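Please keep the structure in view as you read.

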Amino acid sequence: VGETFRNFPIEEGDLWIGDRAYSTSGSIFSAVKRQGDLLVRFNPWSTRTFLQDKRFGPKELVRKLKQERKHVPVTFEVELKEKSGDSVKAWVHCQRLPKEKAKEQRAGYLKRAKHKRNGGTEEGLYLAGWLLVLTTVSPDLLGAQECFDLYRMRWQVELVFKRYKSLLHIDELRVKKGSRLAMIRNYGKLL
């Protein structure tokens, strides 16, 4: 099963934060249709995004970002479109990474591209130097910097779970799903 917001009980007023794997049109629309809001790492290759009725893919995003000379967050109001014709308003917040971090991210991108034997793309290499997040929450309610801060906090939670898995082996559950024994075992591991 792929990572998608379809797998979660999203309710009206919820704000769900997800990584790049959740940045697909299908996943996003499954949450929006249930009145939930999202903040995800933006993947311009997997999300049908439009800016002023024109496709806003990786090439267009890079072209717009290259016009930005300041080191301040850039926000684009976009429209997400589903194949069925449904659409939703969203915002893409972009922040240039510090030089050393951008260099590290681009090296990682090239390494992954070499491993996949596809060489990567010029756009992918450029965008590796940016933090890109997409949200369905208006900038009036949740500004760009707040979005970046929330997304970084999500990563800290992710690191906690990685530690639980490596130190406590919490991912090696040897009981039936939903059993009381599973709950007791996990609480015991956490204590």
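Helix α2 (residues 58–66) lies across β3, β4, β5, β6 and β7. Its direction runs at about 165 degrees to β5. Angles run from 0 to 180 degrees between N-to-C directions, with axes fitted to C-alpha atoms, for helices over the stretch in contact. Helices (H or I, at least four residues) and strands (E, at least two) are DSSP runs, numbered from the N terminus. This is a predicted model: local features need pLDDT of at least 70, side-chain atom pairs count only at pLDDT 80 or more, and totals for chains, interfaces and linings use all residues. Residues are numbered from 1 along each chain as its sequence is written, and side-chain values use heavy atoms, leaving out hydrogens and water.

**The sheet**
- Seven strands form an open, mixed sheet in the order β1-β2-β7-β6-β5-β3-β4; two strands pair if DSSP finds at least two bridges between them.
- β1 and β4 (54–55) are at the edges with a single partner strand each, so one side of each has no neighbour in the sheet.
- α1 packs on the sheet and touches β2, β5, β6 (87–96) and β7 (contact: heavy atoms within 4.5 Å).
- The direction of α1 makes about 85 degrees with that of β5.

**Around β2**
- Strand β2 (residues 37–41) has four of its five residues buried (under 20% relative accessible area, 1.4 Å probe, protein chains only).
- β2 runs parallel to β1 (residues 15–18), joined by four bridges; Gly 18 has Val 40 as its bridge partner.
- β2 runs antiparallel to β7 (residues 130–135), with three bridges; Arg 41 stands opposite Val 133.

**β3 and β5**
- Two bridges join the antiparallel strands β3 (residues 49–51) and β5 (residues 74–81).
- Phe 50 stands opposite Glu 79 in β5.

Note on methods. Buried < 20%, exposed > 50% of the residue type's maximum accessible area, 1.4 Å probe, protein only.
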